[in-house]
Amino acid sequence: RMLPIVDFKQCRPSVEASDKEINETAKLLVDALSTVGFAYLKNCGIKKETVEEARNTADEIFNAPTDKKKDYVVDRETNFGYIGLNIEKVNPAKPYDYKEAFNVPNSALDPSTEPKWPHELSPNFASLTKSFMEDCKRLSLRILEVIAVGLQLKDRHALEKAHDCMGRKNNMGGVRYLYYPPIKGELELNQERLGEHSDYGSITLLFVDDNGGLQIETEGTYKDVPVIEDTILINIGDALEFWTKGKLRSTKHRVNIPDDEVKRNSIRRSIGYFVFPDDDVVINQPLQFKGDADVPDPVKDPITALKYIQQKLLVIHPMEI
Ligand SMILES: O=C(O)CCC(=O)C(=O)O
Ligand SMILES: [Fe+2]
């Protein structure tokens, strides 16, 4: 097994943990995230049923006829909505991804916005997604605190403070439902279900189903990440790798098209909860570690999370379905 399993039982959002317990978990988690860049999280506090419900309500969208789904095609301004099969390349050097997706960015939860929720296709999608995102936010803030402890930051709440807008506007994170249909017809050479990429943000919570198929790059080759029941996956994104000057590792990963007939004919589903620093967080401002001298001056050439991530997004151009 390549990825460590980190038991989050003592650190779950609703639990009062002792410093000793937090420190132990923090060490294991940061060890994993600074080497492999991925870890399994056990006892994360989000119920299996909650994830199942969210998945099932998203299935109602994916199972709708194509012309219905077209009504909810992703809005390029807000990033809210549906992305069809063979539309997006997360690896621009590869053919289109053999996947469908539905994006719900954090801004969709802001009271000031009116996203076009697909009530007609899935009546409970909006409410279940909102409460799922609320759960993910709580867990993510807790994980950020534990990571800050593991990194020995001067202020153990420094990372949480940089994510204050999670779940509303001015933060590029959000949830993405992924739906990988059975493989049919001609494929392009080297086509994947999801091309090689690293995530852009701080951390990602990944909820995969039982089908397997995720692979991560280790020492130049892609290796299968086995499914472990009752765990979720967590990984580091580019912005946090950049901010920590490489202490935490953003590892490339993909979902390949399986050779196995049964797997090719199965639907695979996953949900990613993407955590990003708030838009205005300056991620080239060095983090402060315990023992560091006094607070340094603000950098002269600030790179905000928004600027950093927008630059990365330029390489992906979703088209109309
Ligand atoms: O579907 C998966 O397991 C991986 C999803 C992923 O890596 C992503 O959406 O960034
Ligand atoms: Fe990813």
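The stops below concern a helix pair, an annotated domain and one glutamine.

This is a predicted model, in which local features need pLDDT of at least 70 and side-chain atom pairs count only at pLDDT 80 or more, while totals for chains, interfaces and linings use all residues. Residues are numbered from 1 along each chain as its sequence is written, and side-chain values use heavy atoms, without hydrogens and water.

First, select helix 1 (residues 19-35) and helix 4 (residues 125-151), whose axes lie 8 Å apart at an angle of about 85°. Helix 1 is therefore roughly perpendicular to helix 4 (a term for angles of 65 to 115 degrees). Next, display the side chains where the two helices meet (heavy atoms within 4.5 Å): Ile22, Ala26 and Leu29 are among those in helix 1, and Ile143, Val146 and Ile147 among those in helix 4. By class, this contact has 10 nonpolar, 3 polar and 1 charged residues.

Now select residues 168-277, where UniProt, in an unreviewed entry, places the feature "domain: Fe2OG dioxygenase"; such annotations may be inferred rather than shown by experiment. The span is 9% helix and 39% strand, and its end C-alpha atoms lie 12 Å apart.

Finally, centre on glutamine 215 in strand 8 (residues 214-218). Is glutamine 215 buried or exposed? Glutamine 215 is buried (under 20% relative accessible area), with a value of 7%. Its side chain forms polar contacts (N or O pairs within 3.5 Å, one able to donate a hydrogen and the other to accept it) with the side chains of aspartate 224 at 2.9 Å and arginine 254 at 2.7 Å. Other residues that glutamine 215 touches include Tyr222, Val225 and His253.

Notes
Chains are lettered from A and ligands numbered from 1 in the order in which they are written. Axes are lines fitted to C-alpha atoms, for helices over the stretch in contact, and angles run from 0 to 180 degrees between N-to-C directions. Helices (H or I, at least four residues) and strands (E, at least two) are DSSP runs, numbered from the N terminus. Angles under 35 degrees count as roughly parallel, over 145 as roughly antiparallel, 65 to 115 as roughly perpendicular and the rest as oblique. Ala, Val, Leu, Ile, Met, Phe, Trp, Tyr, Cys and Pro count as nonpolar, Asp, Glu, Lys and Arg as charged, and the others, Gly among them, as polar. Buried means under 20% relative accessible area, exposed over 50%, partly exposed in between (1.4 Å probe, protein chains only). Lists of a residue's contacts leave out its neighbours within four places in sequence.
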